[in-house]
Amino acid sequence: MADERFLVTGGTGCIGSWVVRDLVRAGVPVTVLTAHRRLDRLALLLDDAELAGLDLVEGDVTDLDALEAVGRARRVTHLVHLAALQFPFCAADPVAGARVNVQGTVTMFELARRLGIGRLVYASSAAVYGPRTRYADEVLPADAELFPVSHYGVYKVANEQGARVAWETGGIASVGLRPHSVYGPGRDQGVTSKPTLAMLAAAVGRPFHIDFGGRYQFQFADDVARAFIAATRAELPGASVFSLPGPAIGVDEVLAAVAAVEPTARGSLTFDDRRLPFPAAFDGAPFEAAVGALPLTPLEDGVRRTIETYRAALAAGRLDAAYLDRVLAA
């Protein structure tokens, strides 16, 4: 849209790379804040010219003065905050996790105030909820009890509550989105990354084992990215938090879809009959009511796009053996 200029933190992560890709393809100016210049996920999604043209800023998400300087120089109008340390890293170093995940989010709210943008869209998480045994419903309603059982989840609850305070005391509006189980090109770490890694294994002709089974709300990364972008344009008042829509899908269904795209992978991809502890799905209807219903990628199409993306990256030499050995040994 005219006159939009985005700043995306965590723009080299999985969801962030898709947000950047969709903005670039739409011709929207976007500045990518990253703690490092690891571009392998972006390289899966952008061509050489698009990569070369990216406005990459290497910096610290807690450095408010530096971020303000970037925002003013680029005349930023929209903020998408995705920078975070994921669950395993927060468990290993809770202090670093709190600094990045909580202090970083507080910094972004203050940045929105300083820049006069007045709103922020940020990533919350399914980790704000407790184990599935705590709930009577298989699909959690929007008012389900928050009961995080990890530092990562606690930090996300702190951000949601901080967003409420930012609205009540400073009038900074926000939308927090809680994806469930994201899959697609670039999803190479995290608890529920294994189905995507199985797709990568199929693309490169390697076996792979998923160490869990059960049904989860597998959401294609591009769909999640488009939800974040749509939320920035919704101009909702208050401090809204939404789960994203989508059906619960079995791990067995995912592997069947992989085998349909790559029949040679049949038999080399396996999974355990062990459910992960979190609920299978969340109610995404409030998001659709507030922001609007967005098209959802059918599983078969998402799996095909993922495998084809990895095949193309392999043919172009963008997937090296060291990377494959590292992620497929996880």
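**Helix 8 and its neighbours**

I began with handedness, and noted that helix 8 and helix 10 cross in a right-handed manner. I was working from a predicted model throughout.

I then looked up the geometry of this pair, and found that the axes of helix 8 (residues 194–204) and helix 10 (residues 251–261) come within 10 Å and cross at roughly 20 degrees. Angles under 35 degrees count as roughly parallel, and helix 8 and helix 10 are therefore roughly parallel to each other.

Next I listed the residues that meet: from helix 8 they are Pro195, Ala198, Met199 and Ala202, and from helix 10 they are Val254, Leu255 and Val258. Sorted by class, this contact of helix 8 with helix 10 has seven nonpolar residues, with no polar and no charged ones.

I turned to helix 13 (residues 321–328), which packs with helix 8 at an angle of about 140 degrees, the axes being 10 Å apart. That makes helix 8 oblique to helix 13, and I recorded the crossing of these two helices as left-handed.

On the helix 8 side of this second contact I found Leu197, Leu200, Ala201 and Val204, which meet Tyr323, Leu324, Val327 and Leu328 in helix 13. The contact of helix 8 with helix 13 divides into eight nonpolar residues, no polar and no charged.

**The cores**

Which residues have the most contacts inside the largest nonpolar core? I found that Leu200 is one of them, together with Val8, Val19, Leu177, Phe228 and Leu269, in a core of 73 residues. Helix 9 (residues 221–234) gives the largest share of this core, eight residues. Apart from this core lies another, of 22 residues, and I noted Leu33, Val57, Val61 and Met108 among them.

**Two residues with positive phi**

I looked up Arg75, whose phi is near 55 degrees, a positive value in a residue other than glycine. Arg75 lies in the loop between helix 4 (64–74) and strand 4 (78–81), and is exposed, with a relative accessible area of 54%.

Is Glu235 buried or exposed? I recorded Glu235 as exposed, with a relative accessible area of 59%.

Methods. Residues are numbered from 1 along each chain as its sequence is written. This is a predicted model: local features need pLDDT of at least 70, side-chain atom pairs count only at pLDDT 80 or more; totals for chains, interfaces and linings use all residues. Side-chain values use heavy atoms; hydrogens and water are left out. A nonpolar core is a set of buried Ala, Val, Leu, Ile, Met, Phe, Trp, Tyr and Cys residues joined through side-chain atoms within 4.5 Å. Buried means under 20% relative accessible area, exposed over 50%, partly exposed in between (1.4 Å probe, protein chains only). Helices (H or I, at least four residues) and strands (E, at least two) are DSSP runs, numbered from the N terminus. Axes are lines fitted to C-alpha atoms, for helices over the stretch in contact, and angles run from 0 to 180 degrees between N-to-C directions. Angles under 35 degrees count as roughly parallel, over 145 as roughly antiparallel, 65 to 115 as roughly perpendicular and the rest as oblique. A crossing is left-handed if the near helix is turned anticlockwise from the far one by less than a right angle, and right-handed if clockwise. Contact means heavy atoms within 4.5 Å. Ala, Val, Leu, Ile, Met, Phe, Trp, Tyr, Cys and Pro count as nonpolar, Asp, Glu, Lys and Arg as charged, and the others, Gly among them, as polar.
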